[in-house]
Amino acid sequence: KTKEKEIFINGKAQVIEMLKLMSRKERENILKLVKIKNPALANELYRTCVSFRDLETINLDYFHHIFQEVKPEIFGLSLRGSSTDFQRKVLAMAPREYAEKSYEMMTANISDSTRKAIPKAQQLVLKKIFERMNDQ
């Protein structure tokens with residue numbers, strides 16, 4: 001008698017990967033339905049499948065606290081690769097000195113090791129935004 005190997009499949013990880021492939025609108029529709037049955041799961045899925053570019057579509061008011069919680073150099077690094085329009089809107093909300101330091105980092109020539117830190121900076125900003133969203 002041969003024993004079949006049991007395979008455990010992490011369904012949540014697969015769902016996250018599928019959600020990442022969907023448009024923002026499709027993802028929102030699915031997460032609204034999940035939220036009806038399981039709000040905690042919906043929030044977790046949203047946090048793990050949203051990308052930094054998705055921040056361009058949220059209410060800009062969520063960014064006000066970023067200026068106290070994230071160093072301007074890190075914020076500037078996180079904005080690299082975002083649309084110019086979004087960069088302008090967000091930096092226009094920041095205190096002048098903060099905006100200038102962020103802009104310097106956004107436009108500076110950076111090393112490969114600093115370039116590799118961009119996703120980490122973006123994740124920090126996403127985390128801070130989610131914390132604020134959950135507080136409300």
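Colleague: Which residue follows α5, and what is its phi?

Modeller: Helices here are DSSP runs of H or I with at least four residues, while strands are runs of E with at least two, and both are numbered from the N terminus. After α5 comes G81, and its phi is positive, near 90°. This is a predicted model, in which local features need pLDDT of at least 70 and side-chain atom pairs count only at pLDDT 80 or more, whereas totals for chains, interfaces and linings use all residues. Residues are numbered from 1 along each chain as its sequence is written, and side-chain values rest on heavy atoms, with hydrogens and water left out.

Colleague: How many residues of α5 are buried, and which are they?

Modeller: Burial is read from relative accessible area, where under 20% is buried, over 50% is exposed and anything in between is partly exposed, using a 1.4 Å probe and the protein chains only. By that reading α5 is mostly covered, with 6 of its 8 residues buried, namely P72, F75, G76, L77, S78 and L79.

Colleague: What does F75 touch, and is F75 buried or exposed?

Modeller: A contact is counted when heavy atoms come within 4.5 Å. F75, which belongs to helix α5, is buried because its relative accessible area is 0%. Setting aside residues up to four places away in sequence, F75 touches F63, I66, F67, V70, V90, L91, Y98, S102 and V125. For one of these, L91, the C-alpha atoms are separated by 9.7 Å, although F75 and L91 stand 16 residues apart along the chain.

Colleague: Where does S78 lie, and what is S78 in contact with?

Modeller: S78 is part of helix α5, which covers residues 72-79, and its relative accessible area of 0% makes S78 buried. With neighbours within four places left out, S78 is in contact with F52, A121, Q122 and V125.

Colleague: Is E73 buried or partly exposed?

Modeller: An α-helix has 3.6 residues a turn, so residues three or four places apart point the same way. E73, found in helix α5, is partly exposed, with a relative accessible area of 33%. Beyond its neighbours within four places in sequence, E73 is in contact with K101 and M105.

Colleague: How many aromatic pairs does the count come to?

Modeller: Rings of Phe, Tyr and Trp, the last by its six-membered ring, pair if their centres lie within 6.5 Å, and planes under 30 degrees apart are called stacked, over 60 edge-to-face, and the rest tilted. The count comes to 6 aromatic pairs. Y46 and F130 form an edge-to-face pair, at 5.5 Å centre to centre and 80° between the planes. That pair links distant parts of the chain, since Y46 sits in helix α3 (residues 39-49) and F130 in helix α9 (residues 118-135), 84 residues apart. Y46 is partly exposed at 25% relative accessibility, whereas F130 is buried at 7%. Elsewhere, ring pairs join F63, F67, F75, F86 and Y98 into a cluster.

Colleague: What is the relative accessible area of K120?

Modeller: K120, in helix α9, has a relative accessible area of 68% and is exposed.

Colleague: How many helices and strands does the protein chain have?

Modeller: The protein chain has 9 helices and 0 strands. Its radius of gyration is 18 Å, well over the 14 Å that the globule rule gives for 136 residues, so the chain is more spread out than a compact globule; the radius is taken over C-alpha atoms, and the rule is 2.2 Å times the number of residues to the power 0.38. The C-alpha atoms fill a box of roughly 70 × 35 × 25 Å along the principal axes. Buried residues make up 32% of the 136 residues, and of the contacts with a separation of 6 or more, 73% come from residues 24 or more positions apart.
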